Amino acid sequence: MIRRPPRSTPSNSSAASDVYKRQEYREFGFFYWEPSKFVRHLRFINIENLAKHIISKVPKHIYSSAARYEVPNAPNMKLKSLIDCELIFDLDVDHIPTPCKKDHDKWVCKQCGTTGTGMAPKTCPAKKCESHSFEEMSWECEKCMEIAKSEIFSIIEEFLSNDFGLNPKTDLFIVFSGRRGYHIHIENEIYRKLDSNARREIVDYIMGKGLVPSYHGFSLKSGNKPNKFETGWRGRMTRFVIKFLKESSPNELLKILTRRVNIINVKKDLVAQLNSRNPSWSYPNIGEQTWVNLINAAIEKYGAKVDQPVTIDLHRLIRLPGSLHGKTGFLVKKMSYNELEKFDPFSHAQVFEGSIRIHVHTAPQFRIGNENFGPFKDQKIELPMSAAIYLLCKGVANLL
């Protein structure tokens with residue numbers, strides 16, 4: 001249950017709008033370097049006390065609650081007395097199968113030691129090993145981060161703006177996570193009062209989860225079939241199918257379409273048909289269920305890739321803007337929608353100056369600022385501080 005703000009500051013006053021943005025109504029959590037542990041249920045009555053704690057403890061990761069509480073330092077959620085909670089969408093490129101992962105990411109099976117590149121499989125491919133546990137070494141690259149940024153633009157423009165009527169310039173802000181993703185924070189006060197079920201409906205909607213094509217007018221018998229020029233999911237699923245047909249390999253399409261058709265001709269003919277204002281959604285030897293399978297495959301591939309629990313959980317902790325990410329040393333940077341286009345995490349999320357000598361065990365090539373570094377293999381080298389801390393945080397280097 002979400003409570004109203006205390007009566008001493010009425011919810012319709014400008015004072016209430018300001019006071020509940022202060023950190024004393026937030027829960028804080030920290031992951032410390034030494035000893036390696038996570039601590040939450042902490043409260044700081046002012047920004048000075050929070051700063052003193054950070055300076056004295058130098059935590060590896062810093063989090064604050066998306067929610068505002070009457071008693072944020074209470075030891076359990078029921079005692080905290082929830083006031084309201086920001087609506088947040090979390091997108092991490094770790095969950096997107098970008099093609100560049102095979103060039104810079106590696107995994108090792110914790111049970112048998114089998115290794116591979118790219119995203120870790122769900123099950124170890126080695127014979128007689130059915131382990132689902134892997135140690136992964138992932139790297140941030142410019143291609144990954146550009147894909148993450150394009151996904152954020154898609155969520156904001158395609159869904160939050162077009163379908164939910166939010167103004168990207170005034171109703172939300174974006175936070176670079178400090179590593180491989182972004183968070184979208186909705187500032188519109190209406191959304192703060194939504195419960196978990198309402199948030200689940202929103203995130204299911206933008207992911208296309210559970211979408212039934214017939215509920216959006218798709219049926220071979222329908223006289224008003226969807227077209228790409230429409231708003232909402234009618235137009236969106238049509239555009240997704242066109243994109244899927246254009247970008248999928250023949251082998252991908254053969255898993256869905258009947259083998260009685262010529263894949264090359266089908267791609268060309270269906271794309272031409274679906275680009276029209278009144279597509280028939282019909283083709284020889286392709287039945288309605290095959291069309292549905294094609295629509296579902298397109299939604300699975302191109303639907304929003306957000307971390308659903310982050311949006312749904314009213315008691316979630318999220319990275320604190322202005323802190324540093326302990327696995328990269330990059331700044332967790334808050335920005336406006338207008339700033340996102342030109343944002344470069346390898347330049348604009350760097351905060352360190354000077355240089356330092358380190359021993360690098362192994363590292364692929366990477367960029368910090370305008371300079372490329374590496375690849376490295378068992379080298380002692382002096383590097384700019386941001387590049388050195390990046391490698392130290394990755395655990396692939398040591399101080400000399």
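Tutor: A salt bridge here is a side-chain nitrogen of Lys or Arg within 4 Å of a carboxyl oxygen of Asp or Glu. This is a predicted model, in which local features need pLDDT of at least 70 and side-chain atom pairs count only at pLDDT 80 or more, while totals for chains, interfaces and linings use all residues. Residues are numbered from 1 along each chain as its sequence is written, and side-chain values use heavy atoms, with hydrogens and water left out.

Student: OK, how many salt bridges does that rule give?

Tutor: The count comes to 20 salt bridges. One of them joins the side chains of D84 and R68, with 2.6 Å from N to O. Because D84 lies in strand β5 and R68 in strand β4 (residues 67–69), this pair ties together parts that are 16 residues apart in sequence. Helices (H or I, at least four residues) and strands (E, at least two) are DSSP runs, numbered from the N terminus.

Student: Are D84 and R68 buried or exposed?

Tutor: Both D84 and R68 are buried, where buried means under 20% relative accessible area, exposed means over 50%, and partly exposed lies in between (1.4 Å probe, protein chains only).

Student: And what does R26 pair with?

Tutor: R26 forms a salt bridge with E86, and the closest N and O atoms are 3.0 Å apart. The pair links distant parts of the chain, 60 residues apart, with R26 in the loop between α1 (14–19) and β1 (28–32) and E86 in the loop between β5 (82–85) and β6 (87–92). R26 counts as buried because its relative accessibility is 9%, and E86 is buried too, with a relative accessible area of 10%.

Student: What about E252 and K301, how far apart are N and O there?

Tutor: The side chains of E252 and K301 meet in a salt bridge at 3.7 Å, N to O. E252 lies in helix α8 (residues 250–254) and K301 in helix α10 (residues 288–302), so this pair ties together parts that are 49 residues apart in sequence. E252 counts as partly exposed because its relative accessibility is 31%, and K301 counts as partly exposed at 32%. There is also a network, in which salt bridges that share partners join D94, D105, E140, R179, R180 and K394.

Student: Changing topic: which residues have the most contacts inside the largest nonpolar core?

Tutor: They are F89, L160, Y182, I184, I186 and L391, in a core of 81 residues. Helix α5 (residues 142–161) supplies the largest share of this core, nine residues. A second, separate core of nine residues includes A66, L82, V310 and L314. A nonpolar core is a set of buried Ala, Val, Leu, Ile, Met, Phe, Trp, Tyr and Cys residues joined through side-chain atoms within 4.5 Å.

Student: What does I184 touch?

Tutor: Not counting residues up to four places away in sequence, the residues that I184 touches include L87, F89, I152, L160 and F173, where contact means heavy atoms within 4.5 Å.

Student: And on the outside, which residues form a nonpolar patch?

Tutor: L324, V351 and F352 form one on the surface, with about 210 Å² of accessible area together. Patches are made of residues with over 30% relative accessible area and no salt bridge, with like charges joined within 9 Å and nonpolar side chains (Val, Leu, Ile, Met, Phe, Trp, Tyr) within 5 Å; accessible areas come from the Shrake-Rupley method with a 1.4 Å probe, and for residues only the protein chains shown count as cover. V351 sits in the loop between α13 (345–348) and β14 (355–363), and V351 counts as partly exposed because its relative accessibility is 42%.

Student: What is S386 in contact with?

Tutor: Leaving aside neighbours within four places in sequence, S386 is in contact with Q350, V351, F352 and I368. S386 is in helix α14 (residues 385–394) and is buried, with a relative accessible area of 7%.

Student: Last one: where does pLDDT stay under 50?

Tutor: That is residues 1–20, for which the model has 30 contacts beyond four places in sequence. pLDDT is the predictor's confidence in each residue, from 0 to 100, and where it is low, the predicted coordinates should not be read in detail. The chain averages a pLDDT of 91, and 94% of the residues score at least 70.
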